[in-house]
Amino acid sequence: MEFTATEIAADVRSGAMDPVAVVKHALARIVERDKEICAFARVRSDASVREAGQLALRSDLARLPLAGVPVAIKDVIPVTGEPMRIGSLATAAEPQPHDHPLIARLRRAGAIIVGLTAVPELSLWPTTDGVHGITKNPWATGRTAGGSSGGSAAAVAAAMVPVAVGSDGFGSLRVPAACCGLVALKPGIGVVPAELGVTSWGGVGVNGPIAATVADTALLFSALADDPRLAVVEAPPSLRVVIPTNEPVPHVWADEAARRAVTAVRETLTDIGHFTATAHLPYPRNLLPVFARWFSTPAADVEAFVADRSALQRRTVRHLRLGHLMRGRVSDEQNAEAAQRAERFFDDHAADVVMTPTSPRMPVKAAGWSRRGWLANVAAASMSTTYTPFWSLAGWPAITVPAGIHPISGTPVGVQFAARPGREALLLALAGQVERHRPWERVPARYA
């Protein structure tokens, strides 16, 4: 069968496929492939089959947009009856009493939750390894799938599930998607229910879809946003796409593969009728708002979710200590200032979209980063997450699409598009056009 959410849902709605058979097929792939990839923290084998059987009896089956689609959920989102460990032995093992609002939306749309995907401890780190093992990149298993939504990205890239849900504070959805050759949409603030931990990363954290195709991304996003209109990906109008000439972080610059990806996509955009230009984007020179949130906002989650602090990883303990020193450095004014910078840039350059690399470098090696020191993990983060945080602070939507293969690591390279609030449909339309003119391999050949 065609293993996309769009095709699965259409076949289940028409009666051509049985949702139980679909779920069993996905579970078989997980059993076969996850021994190597380690994408899942928990698989709902019996529960998902049972729920698929119940779905088959629903009187509205023929109208469900995600009928029978197996979906993986990042282990930071509550699912009834399942523990939410957030990648840590320090959190409570008791099952969650209620579904997160987006889980309720997925169930209403006909999706089947097949498992919870791996995350680094408390979703703090740019690699995904720890108590579940080391999550590997399906394109090159010697490399990380990224973090913190690395499990969700790896599960889709290895075609264990057609779509997954991740979360994004400063790039935790977009960067793993780029590492694994996928599409991921970070919605603007308030478009999809967040409720991530206590503060949703100081108000910048969001949940979003990850998939191998733009159509699947849009379909899942429409369910998460509870807006069926967003499932339709239309051709975009002629757009003005601006490419910044400067780096967001002075000491980290894009490597040759990342620069080539932007150049190649720019040429395609020009060929199909968009206007492209370059300009200096006034990224904030003061990085304190980013570091303050990364260091201090997990403290509230520790109070709420950590049952045994002695079980926290050494790197996390140091991170939290520094976070306590930075309490009080997070404010709504920082978000407003970033949004104002973005607004002025778009106005000054008549921009519809801004394009950058998604990540400046290839993924680091898949290794036991959870056993390494705090400084090594911070360095890894600084080398992978530079282009994404600004749009998170601003609260604006952004999408990543595949744009090539890194010649050294053999892992995919992505480019990021960002647009004004409320323009998620425009980003999906542009991504769909890029997909048509620059098609990518949906998954590595061995998983096709």
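Predicted model: local features only at pLDDT ≥ 70, side-chain atom pairs only at ≥ 80, totals over all residues.
Residues are numbered from 1 along each chain as its sequence is written, and side-chain values use heavy atoms, with hydrogens and water left out. Local features need a pLDDT of at least 70 and side-chain atom pairs count only at pLDDT 80 or more, whereas totals for chains, interfaces and linings use all residues.

Strands of a sheet pair through backbone hydrogen bonds, in either a parallel or an antiparallel sense. Here, 11 strands form an open sheet with mixed pairing, in the order β1-β3-β2-β8-β10-β9-β14-β15-β13-β11-β12. Strands are DSSP runs of E with at least two residues, helices are runs of H or I with at least four residues, and both are numbered from the N terminus; two strands pair if DSSP finds at least two bridges between them. At the edges lie β1 and β12 (275-279), each of which pairs on one side only. From one strand to the next, the twist averages 30°.

Within this sheet, β2 and strand β8 (residues 163-168) pair in the parallel sense over three bridges. A72 stands opposite A164 in β8. Helix α4 lies across β2, β3 (112-117), β8 and β10 (206-211), and runs at about 180° to β2. Such angles run from 0 to 180 degrees between N-to-C directions, using axes fitted to C-alpha atoms, for helices over the stretch in contact, where contact means heavy atoms within 4.5 Å.

Turning to charged side chains, the whole structure holds 15 salt bridges, each being a side-chain nitrogen of Lys or Arg within 4 Å of a carboxyl oxygen of Asp or Glu. One of them joins E82 and R42, with an N to O distance of 2.3 Å. This pair links distant parts of the chain, 40 residues apart: E82 is in the loop between β2 (70-74) and α4 (101-108), and R42 is in strand β1 (residues 40-43). E82 counts as buried because its relative accessibility is 6%, while R42, at 40%, counts as partly exposed. Buried means under 20% relative accessible area, exposed over 50%, and partly exposed in between (1.4 Å probe, protein chains only).

R107 also forms a salt bridge, with E51, and their closest N and O atoms are 3.1 Å apart. The two residues are 56 residues apart, with R107 in helix α4 and E51 in helix α3 (residues 45-56). E51 is buried, with a relative accessible area of 16%. Salt bridges that share partners join R42, R44, E51, E82, D99 and R107 into one network.
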